[in-house]
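Please open the model in a viewer and keep the sequence at hand.

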Amino acid sequence: DLKDLAVYYYSRGYNCSQCILKAFEDKFSYTVDPILYKTLNAVNTGFGVGSICSALAGGVMIFGLIFDEITAQKARLRLLASFDSYYNTLNCSALSNKRTVHGSCEKIISYTAASVESIILETDFLKQQQADISY
């Protein structure tokens, strides 16, 4: 599962957004340019000011990597809507302030990664990836 891999990488020191990206790279055998991990240093802890959850930023980045612009936008909206419906916020500070309700960052990462994986699988990314390899 993407969620188990993401939590594993979080426990190994990857930040909330990086662990989602690293789990995706491993699960889907997708080569990610190492510079992307460095860029995700800037979005950690809700972009440094407790705003949007950076696990979401990692998921949205994946959609931008693998989908065309329209599909990426639709996937992004699905992820954000699902997350907001589940947690009633997209805000890192709000999530952190309600740990008794929302649980740890690991639980939030797990939920986000599972949502990302579901969206990827529902949009037939694997089928497209296999078609690209066959050429």
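Begin by selecting Ala94, which has its place in helix α7, residues 92–97. The model is a predicted one. With a relative accessible area of 22%, Ala94 is partly exposed.

**The nonpolar core**

Which residues touch the most other members of the largest nonpolar core? Select Ile20, Ile62, Phe63, Phe83 and Ile120; they hold that position in a core of 37 residues. Helices α1 (2–11), α2, α3 (34–39), α5 (54–66), α6 and α9 each supply at least two residues of this core.

Now centre the view on Ile62. Leaving aside residues up to four places away in sequence, Ile62 touches Ile20, Leu21, Phe24, Val116 and Ile120. Two of these partners, Ile20 and Ile120, are also among the core residues that touch the most other members.

**Salt bridges**

The following stops concern charged side chains. Side chains of opposite charge can pair when their charged atoms come close. A search of the whole structure finds 4 salt bridges, and three of them are visited here, including the bridge between Glu25 and Lys22.

Select Lys22 and Glu25 and display their side chains. They meet in a salt bridge, with a distance of 3.6 Å from N to O. Both residues belong to helix α2, residues 16–27, and because they are 3 residues apart there, about one helical turn separates them.

Asp26 and Lys22 are 4 residues apart in helix α2, so about one helical turn lies between them. Asp26 is partly exposed, with a relative accessible area of 32%. With the three residues displayed together, the viewer shows a network of salt bridges linking Lys22, Glu25 and Asp26.

Move on to Glu122 and Arg78. Their closest N and O atoms are 2.2 Å apart, and the pair forms a salt bridge. Glu122 lies in helix α9 (residues 105–122) and Arg78 in helix α6 (residues 69–87), so this bridge ties together parts that are 44 residues apart in sequence. Glu122 counts as partly exposed at 49% relative accessibility, and Arg78 is likewise partly exposed, with a relative accessible area of 38%.

**Two cysteines**

Select Cys16 and Cys105. How many disulfides does the structure hold? The number is 0. The reason can be followed at these two residues: the sulfur of Cys16 has its closest cysteine sulfur in Cys105, at 4.7 Å, which is too far for a bond. A disulfide would require the two sulfur atoms to lie within 2.5 Å. The two residues can also be compared by accessibility: Cys16 is buried, with a relative accessible area of 14%, whereas Cys105 is partly exposed, at 21%.

**Aromatic rings**

For the last stops, display the aromatic side chains. The count of aromatic pairs comes to 11. In one of them, Tyr8 and Tyr9, the ring centres are 5.1 Å apart and the planes stand at 70°, so the pair is edge-to-face. Tyr8 counts as partly exposed, at 38% relative accessibility, while Tyr9 is buried, with a relative accessible area of 11%.

Select Tyr86 and Tyr87 next. This aromatic pair is also edge-to-face, with 4.8 Å from centre to centre and 85° between the planes.

Definitions and conventions: Residues are numbered from 1 along each chain as its sequence is written. This is a predicted model: local features need pLDDT of at least 70, side-chain atom pairs count only at pLDDT 80 or more; totals for chains, interfaces and linings use all residues. Side-chain values use heavy atoms; hydrogens and water are left out. Buried means under 20% relative accessible area, exposed over 50%, partly exposed in between (1.4 Å probe, protein chains only). A nonpolar core is a set of buried Ala, Val, Leu, Ile, Met, Phe, Trp, Tyr and Cys residues joined through side-chain atoms within 4.5 Å. Contact means heavy atoms within 4.5 Å. Rings of Phe, Tyr and Trp (its six-membered ring) pair if their centres lie within 6.5 Å; planes under 30 degrees apart count as stacked, over 60 as edge-to-face and the rest as tilted.
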